[in-house]
Amino acid sequence: MTNEERILERLESLEEKISMMHSRAETMQDLQETVTPIVRDVMNNVMLKSFSDVQERCTLEDLGALSKRFMMSVRDLTWMMESLENIIELWRTCEPMIKPTFIASIEKFDELDQKGVFKALGALSDSMGNITQKYTPEEFGRMGTALVNMAGLLERLADADIENAKSVSPLGMVGQLHSKDSKQALGIMAELLSALGKSKNA
């Protein structure tokens, strides 16, 4: 076989293949032209008509807008799903530690409730409400100062040696009242009595 014959043979083979591909393309085109109206009819006559109630409130334009918004929100949805997975993973990790503590807390709260602690706290809250209605913030500040002073007096009383206190006669009492410390104590008592008297007359 000469070179010219071989070339002619290859050309004939290529021509047959091209003809076959063209025939298949025409077949696919025909198939597409045949199937497309059928699919469109299925969409219109079966799906949309089956949901006639929905069709009144949902058109193809609405579905298109929803699809567009969904595609534009893919990143946000992906981030949301990843965050949800992280939260679920965190919960799975913490649940074995939190669950016993939560159950113990419930049991402790139930025990406190049976002991009437919450009722006492409720009564205390009502009392605090009455106190806050009766006194101003400035008066609360003054009472805080008075509590600090009273704490100082109580701290001084802690130094008293009550267990080893000796009996004192009335004359001995008079003698002790002449000491510097006793005079200072009498001054404090007189100041407190004067303040109490003012409160009573207010």
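This report describes helices, salt bridges, aromatic pairs and a pocket in a predicted model.

## Basis of the description

The model is predicted, with local features requiring pLDDT of at least 70 and side-chain atom pairs counted only at pLDDT 80 or more, while totals for chains, interfaces and linings use all residues. Residues are numbered from 1 along each chain as its sequence is written, and side-chain values use heavy atoms, with hydrogens and water left out.

## Helix α3

Helix α3 covers residues 60–72; helices here are DSSP runs (H or I, at least four residues), numbered from the N terminus. The end C-alpha atoms of α3 are 18 Å apart, which agrees with the 18 Å that its 13 residues should span at 1.5 Å a residue. That expected span is 1.5 Å times one less than the number of residues.

A residue is buried under 20% relative accessible area, exposed over 50% and partly exposed in between, using a 1.4 Å probe and protein chains only.

## Salt bridges around Glu-111

The structure holds two salt bridges, each defined by a side-chain nitrogen of Lys or Arg within 4 Å of a carboxyl oxygen of Asp or Glu. Lys-108 pairs with Glu-111, their closest N and O atoms lying 4.0 Å apart. Both residues belong to helix α4 (residues 74–114), where they are three residues apart, about one turn of the helix. An α-helix has 3.6 residues a turn, so residues three or four places apart point the same way.

Lys-115 also forms a salt bridge with Glu-111, with a distance of 3.2 Å between the closest N and O atoms. Lys-108 is partly exposed at 44% relative accessibility, as is Glu-111 at 32%, whereas Lys-115 is exposed at 59%.

## Aromatic pairs

Rings of Phe, Tyr and Trp (its six-membered ring) pair if their centres lie within 6.5 Å; planes under 30 degrees apart count as stacked, over 60 as edge-to-face and the rest as tilted. By this rule there are two aromatic pairs. Phe-109 and Phe-118 form a tilted pair, with 6.1 Å from centre to centre and 40 degrees between the planes. Phe-109 is partly exposed at 46% relative accessibility, and Phe-118 is partly exposed at 37%.

Tyr-135 and Phe-140 make an edge-to-face pair, with centres 6.2 Å apart and planes at 75 degrees. Tyr-135 is partly exposed, at 31% relative accessible area, and Phe-140 is likewise partly exposed, at 31%.

## The second largest pocket

A pocket is an open set of points on a 1 Å grid over the protein atoms alone, where a 1.4 Å probe fits and protein lies on both sides within 12 Å along at least five of seven lines; lining residues have an atom within 4 Å of a point. The second largest pocket has a volume of about 540 Å³, taken as the space filled by probe spheres set on the points, which are joined across faces, edges and corners. Its lining has 17 residues, of which Ala-160, Gln-176, Asp-181, Ser-182 and Ala-185 are the closest to the centre.

Helices α7 (170–177) and α8 (180–201) each supply at least two lining residues, and the largest share, seven residues, comes from α8. The lining comprises ten nonpolar, three polar and four charged residues. In this classification Ala, Val, Leu, Ile, Met, Phe, Trp, Tyr, Cys and Pro count as nonpolar, Asp, Glu, Lys and Arg as charged, and the others, Gly among them, as polar.
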